Amino acid sequence: MFVAAPLGLMSYPAAWLAFAAIGWGIWFAVSRHAAPRGLVLAVLAFPGAYLAASHAQTGFITGALLVGGVLLLGRRPWLAGALFGALVIKPHLALMVPLWLLAGRQWRALAGGALSAALLCLASLAAFGWQTWAAWPQAFAVSRELMAQGSAAEFWLRMCTPYAALRLFAGPGGALAGQAVLTLLCAVLTMLAWRRTRDAQATGAIMLAATALGSPYLFSYDLPFLIQPVMWIAGQALAGSWRAWEKPAIIVLWLSPLATRALALPLGINLMPLAAAGLVALVWMRLPNASGKLSLASELD
């Protein structure tokens, strides 16, 4: 509401352009710091950012919060936590964040996040009143109506989660079970990453990649945060050496938010979960001491 209220003073076209331009500027100002030297233009042209702009959605804001929190955790944990706490506006995007911070024993960031979320909620109550909070659950009815309509398949195809893909073929129960297994796996990998390295950007890359696979409710315009894990892999490769298959894989993953969204309706399935799984695997194999195989057994011994 704090972001949207000033836009309400403009005409709809002007508000759309202002929201997209300012949001993109904030996201780029943060995300360019995740890019290794020479790849800033790849951040500038990231297809995931185009989707957020074309939908006038909050992906720029949430992306800047997630990427900024990862980049700042090692140096300014209180501020990093405050950025994560602001994701109270879209908590399903912060699904892996508390687990990541807990596993890394990032107590100051956890405290900063709790304080930030509480203060934002209290500020919104003071500024806009309790009526906005009371009206918020009415939005659930809109989604429920969309899912119940005859064209519900298009709704599921526009979502980019394993749950949405499974919902088309396995029904509600199978989709829920499949997503639960993948979410649990993502949570375990996010927490185990700290056993490989104490580098917040490395473990943060796993956490963000896992968010794209582990969250059950996600749309393509929510994915600007994936620029950090993609750029982290590229940075590791440039600092060492590229594997034979890594360059084409990075190009595919960089394109995947837009490509999977464009192909979802023609193909009858959204392939973004496969891209997210590939991103998780690539980041995991690039962590220090990684064996090159995605093996949980060795980590749990």
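pLDDT is the predictor's confidence in each residue, on a scale from 0 to 100. The structure is a predicted model, in which local features need a pLDDT of at least 70 and side-chain atom pairs count only at pLDDT 80 or more, while totals for chains, interfaces and linings use all residues. Residues are numbered from 1 along each chain as its sequence is written, and side-chain values use heavy atoms, with hydrogens and water left out. The chain has an average pLDDT of 90, and 93% of the residues score at least 70. Over residues 290-301 the pLDDT stays under 50; for this stretch the model has 20 contacts (heavy atoms within 4.5 Å) beyond four places in sequence.

Aromatic pairs were assigned to rings of Phe, Tyr and Trp (its six-membered ring) with centres within 6.5 Å, planes under 30 degrees apart counting as stacked, over 60 as edge-to-face and the rest as tilted. The search of the whole structure gives 12 such pairs. One of them, formed by F2 and F128, is tilted, with 5.1 Å from centre to centre and 55° between the planes. Because F2 lies in the segment before α1 (4-7) and F128 in helix α8 (residues 107-128), this pair ties together parts that are 126 residues apart in sequence. Helices are DSSP runs (H or I, at least four residues), numbered from the N terminus. Relative accessible area was classed as buried (under 20%), exposed (over 50%) or partly exposed (in between), with a 1.4 Å probe and protein chains only. F2, at 43%, is partly exposed, and F128, at 25%, is partly exposed. The rings of F84 and W100 have centres 5.9 Å apart and planes at 90°, so this pair is edge-to-face. F84 belongs to helix α6 (residues 77-85) and W100 to helix α7 (residues 97-103), 16 residues apart. F84 is buried at 6%, and W100 is buried at 0%. Ring pairs also join F155, W156, Y163, Y217, F219 and Y221 into a cluster.

Helix α14 (residues 227-239) and helix α16 (residues 272-286) have axes that come within 10 Å and cross at roughly 35°. Axes are lines fitted to C-alpha atoms over the stretch in contact, and angles run from 0 to 180 degrees between N-to-C directions. P229, V230, W232, I233, Q236 and A237 in α14 meet L279, L282, V283 and R286 in α16.

In helix α15 (residues 246-267), S256 is buried at 4% relative accessibility. Beyond its neighbours within four places in sequence, S256 contacts R261, M272 and A275.

Technical notes
Helix = DSSP H or I, 4+ residues; strand = E, 2+ residues; numbered from the N terminus.
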